[in-house]
Amino acid sequence: MPLNKNKVLVVGMDGLRFDRLVALAPPVLSSLMATGAYGTSRLPYGEAAVPGAAPRTESPGEVVPKAPEPPAAGRVIRSRTDSGPGWSSIATGAWPDKHGVVDNSFTSPQFTKFPDFLSRAKNARPDLVTAAFLSWAALGEHNAFGPAIDHRMVLDGYALTWTAADRQIADAAERHLAETGPDLAFVYLGDTDEVAHALGPHCPEYAAALHAQDAYLGRLLDAVRGRPGESWTVLVTTDHGHVDEGGHGGTSAEERTVFVIANRLGADLGGRPLAEPRLVDVGPTALALLGVPLDPAWELDGTPLFNSW
Ligand SMILES: [Zn+2]
């Protein structure tokens, strides 16, 4: 019997605090954790706190003079714990001092030198089919997820409302996954972040946003589970956390803690720990699962969390 073809779905949920995820226990994510592998790490950057400053916002902000815990001696990453740096790190497998996105202004991105992992996969293996579905328009407009991706859908959550944009993204991604079965797909959902900015991550509205995204995730999983001859790995991650009052950019544990959940659909790994999974490891993990070798010349910071299951 021929081996099933490995395929990878990466789902990003913006501003999803891992402790809130555990406490709220949405059914689909909880099931992925229970039968998969997961862990947390802290972003190696953040804007230094300013006493008495206004609450954190999603504004471009300032470039910080010093990161709290440089990942390596002599390397200081100056960046806010914002969405632009987080998703660009997930996309490229490199930290902000390399890909150049240090806040949400995308002033000088280096996506030609550090393209997203879907574009890397396509470039290395033109036979692979890639797809990205984004409800935050900036990720498409600035090419954090670039034009080499075979099928790219970009909506503007600010214009449509995030609930509507996420719903349309989930609908389209579900249909595309079911009908086309791309080898590598990325789906971005943003309402959790929007709600946390407005109300903080401890309110019923945040729980509702998380449960809505969890239900979308469940539909995406059902779409790929039904496809014969394919073995799907799902990776779920976020770009940053939030302070209790809502907002991010700074250096607190609540803002810097991120997570990766990995699950091979149909297998039961029993919820084993992933040791300190970093955002930059997501892309290399996806590439390794697809059999795309990582070239040292790419100067990635991430490494595969595992090469196979
Ligand atoms: Zn964000």
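# Strand pairing and burial in a predicted model

Q: Which residue in E7 is the bridge partner of threonine 237?
A: Valine 260 in E7 is the bridge partner of threonine 237. The model is predicted, and local features need pLDDT of at least 70, side-chain atom pairs count only at pLDDT 80 or more, and totals for chains, interfaces and linings use all residues. Residues are numbered from 1 along each chain as its sequence is written, and side-chain values use heavy atoms, with hydrogens and water left out.

Q: What makes E6 and E7 a strand pair?
A: Two strands pair if DSSP finds at least two bridges between them. E6 and E7 are joined by five bridges, so by that definition they pair, and they run antiparallel. Strands here are DSSP runs of E with at least two residues, helices are runs of H or I with at least four, and both are numbered from the N terminus.

Q: Why is strand E6 described as largely enclosed by the rest of the structure?
A: A residue is buried when its relative accessible area is under 20%, exposed when over 50%, and partly exposed in between (1.4 Å probe, protein chains only). Eight of the eight residues of E6 (residues 230-237) are buried, so the strand is largely enclosed. Both faces contribute: Glu230, Trp232, Val234 and Val236 point one way, Ser231, Thr233, Leu235 and Thr237 the other, and all are buried.

Q: What makes strand E3 largely enclosed?
A: Five of the five residues of E3 (residues 130-134) are buried, so the conclusion is that the strand is largely enclosed by the rest of the structure. Thr130, Ala132 and Leu134 point one way from E3, and Ala131 and Phe133 the other way. Five bridges join E3 to strand E5 (residues 184-189) in parallel, and four join E3 to E4, also in parallel. Alanine 131 stands opposite alanine 185 in E5 and opposite histidine 151 in E4.

Q: Why are E4 and E8 said to stand at the edges?
A: The eight strands form an open sheet of mixed pairing in the order E4-E3-E5-E1-E6-E7-E2-E8. Strand E4 (151-154) and strand E8 (272-273) each have a single partner strand, so one side of each is left without a neighbour in the sheet.

Q: Which residues of helix H9 are buried, and what do they pack against?
A: In H9 (residues 191-199), Asp191, Thr192, Asp193, Val195 and Ala196 are buried. The buried residues pack against E1, E5 and helices H3 (83-92), H8 (162-179) and H10 (204-225); contact means heavy atoms within 4.5 Å. Just after H9, glycine 200 takes a positive phi of about 85°.

Q: Why is the protein called as compact as a globular protein of that length?
A: The protein has twelve helices and eight strands. Its radius of gyration is 18 Å, close to the 19 Å that the globule rule gives for 309 residues, so it is as compact as a globular protein of that length. The radius is taken over C-alpha atoms, and the rule is 2.2 Å times the number of residues to the power 0.38. Of the 309 residues, 57% count as buried.
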